[in-house]
Amino acid sequence: MNGEIANIVLGVVIAASVLGYMYQRDKRLFFPALGFFAFVALMVSGPYVTGFFAHDPVAPTCEGCNVVIIVPEVLRKDYLGVYSGVSYTPSIDAFFADAWKFTNYYGTAPWTLPSHTSMLTGLYPKNHKLIHNGYNFSEDIMTMAQYFAKNGYFTISLNGGGHMGADYNLTRGFSYARELYRFENNLDIALDTIEAFTIEPFLMLMSVYDVHDPYNRYGPVSAATGYTGVLASDPISTRSLEHTGELYVQNIVNLSRAFVTSNQSIVTLSDEDVAYFRARYADNVVHLDSKLKSVFDALEARGILNNTIVVLTSNHGEELYEHWLSHSLMYEPVMNTPLLLRIPQATKTTYTKLMSNVDLFPSLSALVGLDVPKNIDGINIWNESHDYIFGESDIPRHKYMVTDGTYKLLVENEHFLGTIELYNIKNDPGENYNVYGLTGAQTYFDQITLFSRS
Ligand SMILES: [Zn+2]
C-alpha cells in the first residue's frame, strides 16, 4: 500500500510540473492537458474510491506464520472488555487491541464435543457425526492439525482433555499432545511448551476449561466483578442444599441440566441469586485473563509475535439465566461466540458478516498461504461469505438452528415438531419475542430442509 501511495504522489507531482510549464508557455494547451490528467487520475483512483465506499475489509495475509489458537471453552463474548467494555479482561483487551474482531461468529452446537470437532474439521455436526457422547469420528475425516502437519507445520495440542482431547480422538494430527485441563492446574506446562518447542512454523492449540462451572474455584467473589450482595433466598430449599459457595452454584447447574432433559422447571432464581451466579461466572473470566497474561508474555518473550497469528475463541458460550442456565439451548449467549484474530501487520478491523466455526480451518489455511481444504462445509471468509449458517443440538432431542444474521429459527428436527421459535436477533438480541406466526418464516424452514438433507 505504501508503494501505491508513493506512485500516486509521484504522479501528482509530475502532472503539476507539466501543467505549470504549459501554463507559462502556452495557455491554449493548459485546459486540454488538465482534462487529460484528470481523466488519468480518475481511472487510477477508481478502485480506491469504490473500495472506500464499499467498506469491504482488505483480506490480510501472513504467509508461513505460526498459529496459536486459544479456546477457553464456555467463554461468553460479552464478558470480554474488547467486545462490551466490561473490566474483567485487561490482558485480553490489551493483547487483542488491534486484532480482527468478529461480531457474528457462531459455534455449530451448544456443547463442546460437536462444536469443538466442527472447529477442528470444518464440518457441521451432521457430517462429522460427533453429536452424541461416546462417538469417535471417522478416520477418513481430516483435521486441521493433520492438514497443517502435511503442509510442514509442527503441531502441538495442549488441551483440556474430555470433549477436547484424546478420549475423543481430537488430538489426531498433533505431533505433540498433552492435557492441561485448566491453566489453573498446569500453567507451567503451557509456558514451558511455548519456550521449549522452537520448530517453526507451528500450529499450537490450547483448549482449557478454566471458565467452565463450577464458577467459584478461585476464592471468594472477586472485587473485579463489583458484587457485594448476599444471597437472599434459597430457590431450591426443598432439597435442603447449602445455598452459599460452590455447592450452591453446582447444584443449580446440575438441576438446570436435569431441567433440559426432563423439561420441568425445577429452579427459580431471584434477582439476587442471578447477580450472585453471574458474579461467580465473571470470577472465572477474571481468573482466565490473569493466566492468559502469562501466556501472552511467554509468546512475547519467544520473540515470535511478528510472525505468529494468535486466535482467541470459544466452542460455545453459557446462559446465565437469560433463558436458562449452562449450555444446552441454542440462544445467542451460547451460540454467538467470541473470535479475535491477532494478525501481524494487519489493520484493525471489525468483521460483521456471518461466520461459523466451520470456517476457521479454511480461513486460517488461506491466511498462512496454504490451499483452502476441499470437501468441507467451511468457507474461506476472506473470499466468500454465507447467506445462512446453522446449528445443531441433540439435547434432549435433535434440534436445528438457522440464521441469516437478522432472523433466527429454532426447530425440533427436520419435521419441525414441538415449539417453533423465530426471533429477530437484530431488533431483539435477547430473543424475548417469538415472532413465528407474525412474520413469514418459510425461507428459514426451506434452509433447514436443505441443510438436513445435504
Ligand atoms: Zn463445553
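Student: In which sense do strand E1 (residues 66–72) and strand E7 (residues 308–313) pair?

Tutor: This is a predicted model, where local features need pLDDT of at least 70, side-chain atom pairs count only at pLDDT 80 or more, and totals for chains, interfaces and linings use all residues. Residue numbers start from 1 along each chain as its sequence is written. Strands (DSSP runs of E, at least two residues, numbered from the N terminus) pair if DSSP finds at least two bridges between them. E1 and E7 have five bridges, and the sense is parallel.

Student: Which residue in E7 stands opposite asparagine 66?

Tutor: Asparagine 66 lies in E1, which spans 66–72. Look across to E7, and you'll find threonine 308.

Student: Which strands stand at the edges of the eight-strand sheet?

Tutor: That open sheet has mixed pairing and runs E5-E4-E6-E1-E7-E10-E2-E11. Each edge strand has a single partner, so one side of it is left without a neighbour in the sheet. The two are E5 (176–179) and E11 (349–351).

Student: How many residues of helix H12 (residues 360–367) are buried?

Tutor: Helices are DSSP runs of H or I, at least four residues. Buried means 20 or more other C-beta atoms, placed from the backbone, within 10 Å of the residue's own. H12 is mostly covered, with Phe361 and Leu364 among its buried residues, and the count is eight of eight.

Student: Which residue in E15 is the bridge partner of tyrosine 400?

Tutor: The antiparallel open sheet has the order E13-E14-E15-E16. E14 (399–403) and E15 (407–412) share five bridges. In E15, tyrosine 400's partner is valine 411.

Methods
A residue is buried if 20 or more other C-beta atoms lie within 10 Å of its own, exposed if 12 or fewer, and partly exposed in between; C-beta atoms are placed from the backbone.
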